[in-house]
Amino acid sequence: MIAGRATVEAAARIEPVKGRSLWEDARVRFFHNKAAVISMVILVLVALFASLGQFATPWSNEEIDWSMLGSIPEVGGPSWENRHYFGVDESGRDLYARVVQGTRISLMVGIVGALISVVVGTAWGAVAGYVGGRTDTVMMRIVDLMMSIPYMFVLILLLVVFERSIVMLFIGIGMISWLDMARIVRGQTLSIKNKEFVEAAIATGVSTPRIIARHIVPNLLGVVIVYATLLVPQMIIFESFISFLGLGVQEPSTSWGALINMGAANMRNDTPWMLGFPLAFFVVSLFAFFFIGDGLRDALDPKDR
Amino acid sequence: MTAFILKRLAIAVPTILLLIVFSFLLMEAAPGSPFATERGVPPAVLANLEAKYGLDKPLLQRMGIYVWDVVAHFDFGPSFKFKDRTVNDLIAQGFPVTLTYGFWSFLVAVAVGGSLGVMAAVFHNSWLDYLAVGISIGAQVLPNFVMAPILVLIFTLWLGWLPGGGWRGGQIEYLILPVIALSTSYMASIARITRSSMLEVLNAGFIRTARAKGLPMHRVILRHALKPAMLPVISYLGPAFVGMITGSVLIDVFFSTGGIGQFFVNSALARDYSVIMGITILIGALTVLFNLLVDVIYAWIDPKIRY
């Protein structure tokens with residue numbers, strides 16, 4: 001009886017059937033993907049670690065613990081007593097604080113790279129694809145040209161010529177991150193530019209820039225989000241590579257690549273924590289980014305289902 | 001075909017020239033004289049030095065001379081830091097090393113990755129398939145700078161089987177770790193691409209026809225499926241080449257193999273501009289030519305491309 005009444009009440013409360021939007025569908029699909037949801041939790045934790053982790057330690061990332069120097073392999077390991085949670089690095093600085101700082105830089109590089117690719121790549125690809133003709137040929141030739149040179153070498157050349165700095169690194173990374181995105185967006189634009197709603201917009205006299213901004217770009221959003229997510233780990237790898245070589249971030253700043261390099265250089269000194277902690281953060285976070293990207297692709301890109 | 005190659009060359013050659021000019025202008029934009037030291041050089045000495053290296057001539061003339069030397073004589077000029085060595089010396093010394101392990105890495109990536117991908121597709125949903133998928137997911141987070149320390153940790157420090165660096169003329173035990181470290185992530189990518197394109201091809205109608213007329217499976221795969229399935233792999237070879245040649249810098253530095261990557265990083269740290277430029281141009285030209293080769297191979301294999 002009670003159940004019956006509840007059903008009746010529930011039925012009374014039901015509003016007219018609401019259509020489910022594409023985004024709602026995608027959200028449901030995404031949250032059904034366990035790997036993606038777990039990865040998201042992990043990434044939130046990593047982000048919290050990067051932003052708030054510094055408050056949990058009395059040590060800064062530059063401060064040298066003089067009591068450690070000379071006997072780092074014996075006493076420099078992770079310990080609760082002296083508050084070096086991850087141990088100390090080769091010059092006696094707190095590794096926990098350095099990992100916090102490195103995580104911050106690496107995440108920032110990844111996100112900035114992805115953002116630039118979203119803005120520049122989407123605009124470039126949408127314009128090339130929509131306008132077509134000679135404009136398209138020239139614009140995509142430029143992309144081909146930039147993709148066919150080994151960019152890392154040119155970037156290092158840039159970093160050497162103009163003093164190495166984090167800003168220069170961002171500019172360099174920003175200059176390549178959008179190339180792939182431009183290609184993907186162009187392909188997608190080609191497939192939607194002949195749809196009826198675009199035709200309708202043209203027929204009602206909407207200007208070309210407005211069609212691109214209001215009708216093309218919103219329909220690219222799904223693909224753009226997926227590839228931007230997958231681009232974040234690539235940018236992190238890119239920066240870490242440069243920093244591993246010692247050509248990226250400058251001391252006392254650091255990043256995952258620089259920390260892994262420091263750990264690897266000390267492998268023979270019986271200090272496994274120096275390699276272990278940065279490597280663990282790097283590998284786990286990258287896995288998380290890739291799984292989220294895959295989850296988003298399954299959710300937003302209906303082609304693969 | 002000749003027309004197609006010529007058309008591609010018409011794009012490749014200006015690209016290389018542009019790279020040379022761009023590198024030259026970048027070096028020009030660099031602040032400070034390459035001969036400046038902390039103690040300061042007397043102006044007269046500096047003038048002599050600049051005259052010797054041709055730095056007192058106007059910009060365009062110097063650019064012309066540099067481009068002409070590179071293109072016509074393959075001469076990258078003297079190193080700015082080592083007075084007795086030219087950039088060509090450094091390249092001649094380091095390039096064979098890079099080429100050796102680069103060649104092997106490329107071969108391993110294509111051969112192992114390709115066969116793993118084919119096997120995974122043929123034995124779809126078997127343990128072999130899962131292994132291939134597992135490897136290609138795992139290798140995404142194992143770029144060369146992560147692989148190299150892990151390999152040295154396991155095979156040199158724990159097991160003591162292989163040397164963790166050095167070259168010794170490219171003896172096999174000095175080659176193994178660099179090749180694995182460099183090729184793993186590309187091997188995994190090639191396996192993933194091969195697997196998915198092979199799966200697609202195996203579901204195509206012409207494969208069913210071949211099976212239906214009673215051809216044995218291995219013949220179907222080798223004669224009918226392999227060629228169309230390799231097309232996406234071939235178009236991945238260009239980016240893979242760029243990635244590996246970039247990775248070789250790290251391999252050289254980490255394993256002290258003495259390849260051009262080591263000179264590149266040392267010069268970058270010491271601001272030895274002419275060496276950085278020379279290596280960048282050389283690598284850039286190689287990449288452009290390799291991409292050209294890939295395009296030609298692709299056009300040759302793919303019946304859909306008309307040239």
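Modeller: Gladly, and please keep in mind throughout that this is a predicted model.

Biologist: How many helices and how many strands does chain A have?

Modeller: Read along the sequence, chain A follows the pattern α-α-α-α-α-α-α-α-α-α-α-α. The count for chain A is therefore 12 helices and zero strands.

Biologist: Is chain A compact or spread out, judged by its radius of gyration?

Modeller: The C-alpha atoms of chain A fill a box of roughly 75 × 75 × 30 Å along the principal axes. For 305 residues the globule rule gives 19 Å, whereas the radius of gyration of chain A is 25 Å, well over that value, so chain A is more spread out than a compact globule.

Biologist: In chain A, what share of the contacts between residues at least 6 apart in sequence joins residues at least 24 apart?

Modeller: The contacts to consider are those in chain A between residues at least 6 apart in sequence. Among these, the share that joins residues at least 24 apart is 71%.

Biologist: Turning to the other chain, how many helices and strands does chain B have, and what does its C-alpha trace span?

Modeller: From the N terminus on, the elements of chain B run α-α-α-α-α-α-α-α-α-α-α, which gives 11 helices and zero strands. Of its 307 residues, 38% count as buried. Along the principal axes, the C-alpha trace of chain B spans about 85 × 55 × 30 Å.

Biologist: Which element gives the most to the side of chain A that touches chain B?

Modeller: The contact takes 31 residues from chain A and 34 residues from chain B. On the side of chain A, the elements that give two or more residues are α7 (151–161), α10 (208–244), α11 (256–265) and α12 (272–300). The element that gives the most, with eight residues, is α7(A).

Biologist: By class, what residues make up that side of chain A?

Modeller: Sorted into classes, the side of chain A that touches chain B has one charged residue and four polar residues. The remaining class on that side is nonpolar, with 26 residues.

Biologist: Where does α10(A) bend, and by about how many degrees?

Modeller: A straight helix of 37 residues would span 54 Å at 1.5 Å a residue, but α10(A) spans only 46 Å between its end C-alpha atoms. Just after this helix, A:G246 takes a positive phi of about 85 degrees. The bend in α10(A) lies at A:L221 and is about 50 degrees.

Biologist: What span does α3 of chain B reach from its first C-alpha to its last?

Modeller: Helix α3 of chain B covers residues 59–73, and for its 15 residues a span of 21 Å is expected at 1.5 Å a residue. The helix is followed by B:F74, whose phi is positive, near 55 degrees.

Biologist: Is B:G114 buried or exposed?

Modeller: B:G114 is found in helix α4 (residues 87–122) of chain B. Not counting residues up to four places away in sequence, B:G114 touches B:I190, B:T194 and B:V233. A residue is buried if 20 or more other C-beta atoms lie within 10 Å of its own, and with 21 C-beta neighbours inside that distance B:G114 counts as buried.

Biologist: Is A:D270 buried or exposed?

Modeller: A:D270 is found in the loop between α11 and α12 of chain A. Its phi is near 65 degrees, a positive value in a residue other than glycine. Because a residue with 12 or fewer other C-beta atoms within 10 Å is exposed, and A:D270 has 11, A:D270 is exposed.

Note on methods:
Residues numbered from 1 in each chain as written. Chains lettered and ligands numbered in written order. Predicted model: local features only at pLDDT ≥ 70, side-chain atom pairs only at ≥ 80, totals over all residues. Contact = placed C-beta atoms within 7 Å. Helix = DSSP H or I, 4+ residues; strand = E, 2+ residues; numbered from the N terminus. Nonpolar A, V, L, I, M, F, W, Y, C, P; charged D, E, K, R; others polar. Rg over C-alpha atoms; globule rule 2.2 N^0.38 Å. Expected span 1.5 Å × (residues − 1). Bend = angle between axes of the 7 residues up to and from the residue.
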